[in-house]
Amino acid sequence: MLLENFRPQSKLVTKTTLVEKPRFPAIDAHNHLGEAFGGGWDQKPLPQLLDLLDQAGITRYVDLDGGWGEEILNAHLDHFKAPAPERFLVFGGVDWSQWAERGEAFPEWAAGRLRVQKARGAEGLKIWKSFGLHVKDHKESLVDVDDPRLAPIWETAGELGLPVVIHVADPVAFFDPIDETNERWEELGNHPDWAFTSPPFPPFMHIMDGLASLVTRHPNTTFIGAHVGCYAENLAWVGALLERCPNFHVDISARIGELGRQPYTARCFFLQYADRILFGSDMGPYPEAYRVIYRFLETEDEYFNYNAAPIPMQGRWHVHGLYLPDEVLEKIYFRNAQRILQD
Ligand SMILES: [Zn+2]
């Protein structure tokens with residue numbers, strides 16, 4: 001038998017808790033509704049979507065798929081926000097492709113687009129992971145995350161009160177050689193385009209140092225580091241940045257696999273930074289996906305799959321619940337988001 005065909009079934013007899021709804025009505029601070037990552041709900045009837053969210057106990061949903069021009073933003077605002085303003089927040093973006101044409105005027109131009117997006121109804125700014133990996137300036141040079149030329153964008157977001165959900169880098173192992181020691185070998189085999197082996201890509205820590213200096217340099221701008229501050233493998237690093245920068249927060253989207261395989265460290269992290277952590281799924285508006293996260297946050301269930309798929313996508317390990325106390329759950333499920341995300 002080949003190792004890839006091995007499907008061991010755990011014989012542990014432990015508790016299995018079904019948590020259908022979150023302990024407190026939840027705000028999902030990181031998710032999608034467009035075709036690529038969110039199930040194409042911009043093309044489907046809204047009542048169906050609201051029904052799913054009701055089933056999952058999600059009161060408000062941050063849709064990060066407003067795109068980078070105003071066309072997609074407008075379409076999402078019209079489809080989701082206009083008919084159900086209390087249920088959705090739609091975030092805009094930066095059109096990096098314009099740097100080539102606009103040259104040195106690009107940063108001010110991009111900052112100006114934020115004003116337009118805010119006026120139209122955008123309630124935040126999403127920075128996608130291409131920033132730091134692919135985005136180039138008008139001279140075709142790769143742009144660092146903390147490039148000082150971009151200050152007008154971050155300062156304007158702060159001035160307009162637009163929180164910035166920022167995703168840079170990716171799982172650390174995506175930057176390593178794809179060999180027998182790579183813990184994401186199987187996932188990278190399924191998605192070769194997710195590999196950012198360095199070189200030629202910048203080292204993982206170069207990008208993370210850039211994030212830290214960006215957040216430090218713009219204390220009046222609210223940053224939400226996606227996927228546990230983009231470094232769920234190292235909660236001490238994330239905690240240190242949270243300590244240093246009161247304007248920094250993190251969401252927990254798509255990182256239950258990482259958090260749940262270091263349950264003691266993760267539980268301490270949640271207790272210590274309870275005011276700085278936002279609930280988020282990143283898996284579309286689906287109750288099955290939400291329920292895994294509720295189980296992880298609320299129960300003391302042990303050694304369970306963190307994915308809906310039979311073979312967990314991020315790696316063949318299992319996770320342990322954090323049994324967080326109510327006062328922490330309340331903050332993570334909605335109080336922090338209520339405070340940080342405007343409406
Ligand atoms: Zn996402």
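The model on display is a predicted one, and residues are numbered from 1 along each chain as its sequence is written.

**Stop 1**

Is D137 buried or exposed? D137 counts as buried, because its relative accessibility is 6%, and a residue is called buried when that value is under 20%.

Next, select D146 and R217. These residues form a salt bridge in which the closest N and O atoms are 3.7 Å apart. D146 lies in the loop between β4 and α6, whereas R217 belongs to helix α8 (residues 204-217), so the pair ties together parts of the chain that are 71 residues apart in sequence. R217 is partly exposed, its relative accessible area being 39%.

In general, side chains of opposite charge can pair when their charged atoms come close. How many salt bridges does a search of the whole structure find? The search finds 20.

**Stop 1. A network of salt bridges**

Select E183, R184, E187, E258 and R261 together; a network of salt bridges links these residues. Within this selection, turn to R184 and E187, whose side chains meet in a salt bridge of 2.7 Å from N to O. E187 has a relative accessible area of 4% and is therefore buried. R184 counts as buried too, because its relative accessibility is 1%.

**Stop 2. The sheet of five strands**

Display the strands from β4 to β8. Five strands form an open sheet here, in the order β4-β5-β6-β7-β8, and the pairing is parallel. Which strands stand at the edges? They are β4 and β8 (277-278), each of which pairs on one side only.

Within this sheet, select strand β5 (residues 164-166) and strand β6 (residues 223-225). Three bridges pair these strands in the parallel sense.

**Stop 4**

Now display β1 (26-31), together with β2 (residues 58-63) and β3 (88-90). These three strands make up an open sheet in the order β1-β2-β3, paired in parallel. β1 and β3 are the edge strands, each with a single partner strand, so one side of each has no neighbour in the sheet. From one strand to the next, the twist averages 15 degrees.

β1 and β2 run parallel and are joined by four bridges, while β2 and β3 pair in the parallel sense over three bridges. Select Y61 to follow the pairing in both directions: Y61 is the bridge partner of D28 in β2, and F88 is the bridge partner of Y61 in β3. Why is β2 described as largely enclosed by the rest of the structure? The reason is that five of its six residues are buried.

**Stop 3**

H30 counts as buried because its relative accessibility is 1%. H32 is likewise buried, with a relative accessible area of 3%.

**Stop 4. A nonpolar surface patch**

Finally, select M1, L3 and F6. Together these residues make a nonpolar surface patch of about 410 Å². L3 is found in the segment before β1. Is L3 buried or exposed? L3 counts as exposed, because its relative accessibility is 70%, and the term exposed applies over 50%.

Notes:
This is a predicted model: local features need pLDDT of at least 70, side-chain atom pairs count only at pLDDT 80 or more; totals for chains, interfaces and linings use all residues. Side-chain values use heavy atoms; hydrogens and water are left out. Patches are made of residues with over 30% relative accessible area and no salt bridge: like charges are joined within 9 Å, nonpolar side chains (Val, Leu, Ile, Met, Phe, Trp, Tyr) within 5 Å. Accessible areas come from the Shrake-Rupley method with a 1.4 Å probe; for residues, only the protein chains shown count as cover. A salt bridge is a side-chain nitrogen of Lys or Arg within 4 Å of a carboxyl oxygen of Asp or Glu. Helices (H or I, at least four residues) and strands (E, at least two) are DSSP runs, numbered from the N terminus. Buried means under 20% relative accessible area, exposed over 50%, partly exposed in between (1.4 Å probe, protein chains only). Two strands pair if DSSP finds at least two bridges between them. Axes are lines fitted to C-alpha atoms, for helices over the stretch in contact, and angles run from 0 to 180 degrees between N-to-C directions.
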